[in-house]
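Hi,

Here is the structure I promised to pass on to you.

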Amino acid sequence: MENFNPTNYRLINVHDGHTFDDQGWTLDAPDSQSPSLIRADYQQKQIRFGEKSEGIYRFADWLPIRRKLKNSSAPVTYRSKALAERLGLKNLYICFNGYNPEIGANMTTCSFKETEAYSVGGRMDPQDKRILVVSSAGNTARAFAKVCSDNNIPLLLTVPEDNIDALWFDAPLNDCVKLVVSERGSDYFDAINLGNIAVKSPKFYAEGGAKNIARRDGMATTVLSAAEVIGRIPDYYFQAVGSGTGAIAAWEANMRLIEDGRFGNNKMKLIVSQNIPFTPMYDAWKEDSRALLPFSDESARIAASIIDAKVLSNRRPPYSINGGLYDALRDSGGTILCADNMSSEQAAKLFEETEGVDIHPAAGVALATLIQCIENRVIDPEAIIMLNVTGGGEKLYKNGKTLHYLKPSLVFPIDPDPKECLEKIEALFE
C-alpha cells in the first residue's frame with residue numbers, strides 16, 4: 001500500500017457553505033443548524049488523469065484518500081454501437097462497472113460498489129485499530145469484503161439473510177472479515193439496525209454511507225471516466241437508485257468538472273429509477289415532496305421481497321437531506337422514473353444481446369427507463385447520454401470457477417435485544 005497525507009482538500013457544509021478541515025473520519029459538519037451532507041473541496045481544480053494501471057486511483061486528485069490499496073479497477077466508458085443503433089440513439093455512452101476484459105473492465109465483484117470500497121478504504125487511517133462496520137443489501141458487502149480481505153482490513157458486515165447469496169467470491173476470504181445477518185424476512189433497514197447497534201461499542205466505527213465523502217467521490221469516478229472519454233459533460237445521466245448516493249455523486253462530479261473548465265458548463269439531467277413496487281423516492285418526487293411519504297415497515301419489507309433488484313431496497317435514503325437526491329434532481333432538472341421486473345429483465349436481455357455481456361437487475365432497471373424515455377420521445381436522439389451500468393459481467397466472471405460463499409457468524413431476529421446483540425458481535429473479534 002502506498003501511504004500519503006490527505007492534505008488535498010477541505011470540507012464544505014452543503015447547507016451553509018461553511019468550510020472546515022477533515023478530522024480524519026468526519027461525516028457531519030460541526031455545529032450545523034440543519035441536517036446536511038458535507039462535500040470535499042479539492043485543491044486541484046483541474047483533474048489529472050493517471051495511468052490505467054493505477055485502477056481507481058488514477059482519479060486520486062479528486063479522492064479523499066491517505067493511501068492506495070491493491071487490486072483496484074476503474075470504471076470503463078465506451079461509445080455504444082449495437083445497443084445505440086437498436087435504440088435509435090446517436091451518442092449513447094455506456095459506463096460499465098463490472099467484469100468484461102474485452103473492454104478492459106476488471107471489477108471482479110462485478111459491481112460499481114468497488115469504487116466505494118477502494119475509496120473508503122483509502123480514506124481509512126491504517127493506525128486506527130477500530131473495526132469498520134458496513135451495512136448492505138448485497139453488492140456493497142461483496143465489494144467491501146473483497147477489498148478488506150485483500151488488504152487485511154478488519155471488517156464487520158451486516159446484511160439481510162435473504163441476500164447472502166450475493167456474497168460469493170472466487171477464493172476464501174481473509175478471517176478479518178466477519179458477517180452477521182438479520183433473519184429471513186428482514187430487509188436492508190434491518191441490517192442497518194444491526195450495524196447501528198455494533199457502532200455503539202468503541203471497538204467499531206460506522207462507514208457512514210452517503211455521509212462519507214469517500215463513498216460518494218469513489219462513485220463519482222463513473223462521471224469522471226465518461227467526461228474523459230467523451231471530452232465533455234454528458235447531457236443525460238441514467239442510473240437505478242436504492243439510496244441515490246451514486247446520483248448525488250454524479251451531480252457533485254458534474255459541478256467539479258464545470259469548475260475544471262475543460263468539459264463544458266452544462267448540468268446533465270439526472271434520470272434515476274426505482275424498481276416497482278419498491279418506489280419510496282419516486283412516490284415522494286411525484287408529489288414534489290422533499291420528505292418521503294409515510295409507509296409502514298411491513299409494506300416496505302413486502303415490496304423489497306418482490307423486486308428483482310434487491311440492491312435498490314433502501315427505505316431510509318439520503319433523499320431529503322440538504323445536498324441529497326432531492327436537491328440534486330432539482331438543480332439538474334432531472335427526474336425519477338420506475339420500471340417493473342419484467343421490463344427490466346427484457347432490457348437486461350437486450351443489453352446482453354447487443355453489447356455481449358450480462359448486467360445486474362439494477363442496471364436493467366436503468367436501461368428500461370432509458371427505453372421509456374425514447375419511446376415517449378422525451379429525449380433528443382442526438383443528445384449525449386451516459387448510461388451508468390452499475391453492475392455486470394457476473395455470469396461471465398463466474399463461468400468455470402468454483403465459488404466460495406461467506407457464511408454468517410451470527411443470525412439475529414428482526415428486533416434483537418441490543419445488549420445481547422452487541423455482546424455477541426464484540427466477541428467475534430476477540
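**What I found**

The largest cavity holds about 50 Å³ of space. This is a predicted model, in which local features need pLDDT of at least 70 and side-chain atom pairs count only at pLDDT 80 or more, while totals for chains, interfaces and linings use all residues. Residues are numbered from 1 along each chain as its sequence is written, and side-chain values use heavy atoms, with hydrogens and water left out.

**Cavity and pocket**

On terms: the search runs on a 1 Å grid over the protein atoms alone, and a cavity is a set of points where a 1.4 Å probe fits but cannot get out. A pocket is an open set with protein on both sides within 12 Å along at least five of seven lines, and lining residues have an atom within 4 Å of a point. Points are joined across faces, edges and corners, and a volume is the space filled by probe spheres set on them.

The structure has 1 cavity of 30 Å³ or more. Lining the largest cavity are T108, T109, K146, W168, F169, D170 and Y397. By class that lining has 3 nonpolar, 2 polar and 2 charged residues (Ala, Val, Leu, Ile, Met, Phe, Trp, Tyr, Cys and Pro count as nonpolar, Asp, Glu, Lys and Arg as charged, and the others, Gly among them, as polar).

The second largest pocket contains about 260 Å³ of space. Its lining has 16 residues, and K52, R58, A74, P75 and V76 lie nearest the centre. Elements that give two or more residues to this lining are β6 (76-79), β9 (105-106) and α6 (221-230); helices (H or I, at least four residues) and strands (E, at least two) are DSSP runs, numbered from the N terminus. The largest share, 3 residues, is from α6. Sorted by class, the lining of the second largest pocket has 7 nonpolar, 6 polar and 3 charged residues.

**Helix packing**

α6 turns up again here. It packs with α7 at an angle of about 45 degrees, the axes being 8 Å apart (axes are lines fitted to C-alpha atoms, for helices over the stretch in contact, and angles run from 0 to 180 degrees between N-to-C directions). α6 and α7 are therefore oblique to each other (angles under 35 degrees count as roughly parallel, over 145 as roughly antiparallel, 65 to 115 as roughly perpendicular and the rest as oblique). Their crossing is right-handed; a crossing gets that label if the near helix is turned clockwise from the far one by less than a right angle, and left-handed if anticlockwise. V223, L224 and A227 of α6 make the contact with A250, A253 and L257 of α7, where contact means heavy atoms within 4.5 Å. The residues of this contact are 6 nonpolar, no polar and no charged.

On to the next partner of α7. Helix α7 (residues 245-260) packs with helix α10 (residues 325-332) at about 45 degrees, with axes 9 Å apart, and that makes α7 oblique to α10. α7 passes α10 in a left-handed crossing. From α7, A247, I248 and W251 meet L325, D327, A328 and D331 of α10, which gives 5 nonpolar, no polar and 2 charged residues in the contact.

Then there is helix α4 (residues 188-198), which packs with helix α14 (residues 418-428) at about 75 degrees, with axes 9 Å apart. α4 and α14 are therefore roughly perpendicular to each other. L194, I197 and A198 of α4 make this contact with P418, C421, L422 and I425 of α14, and the residues divide into 7 nonpolar, no polar and no charged.

**Loops**

A cis peptide bond, with omega about 15 degrees, joins I276 and P277. P277 sits in the loop between β16 (269-275) and α8 (280-286).

D31 has phi near 60 degrees, a positive value in a residue other than glycine, and is placed in the loop between β3 (19-20) and β4 (38-42).

K90 is in the loop between α1 (82-87) and β7 (91-96). Leaving aside neighbours within four places in sequence, K90 is in contact with R79, P381 and E382.

Cheers
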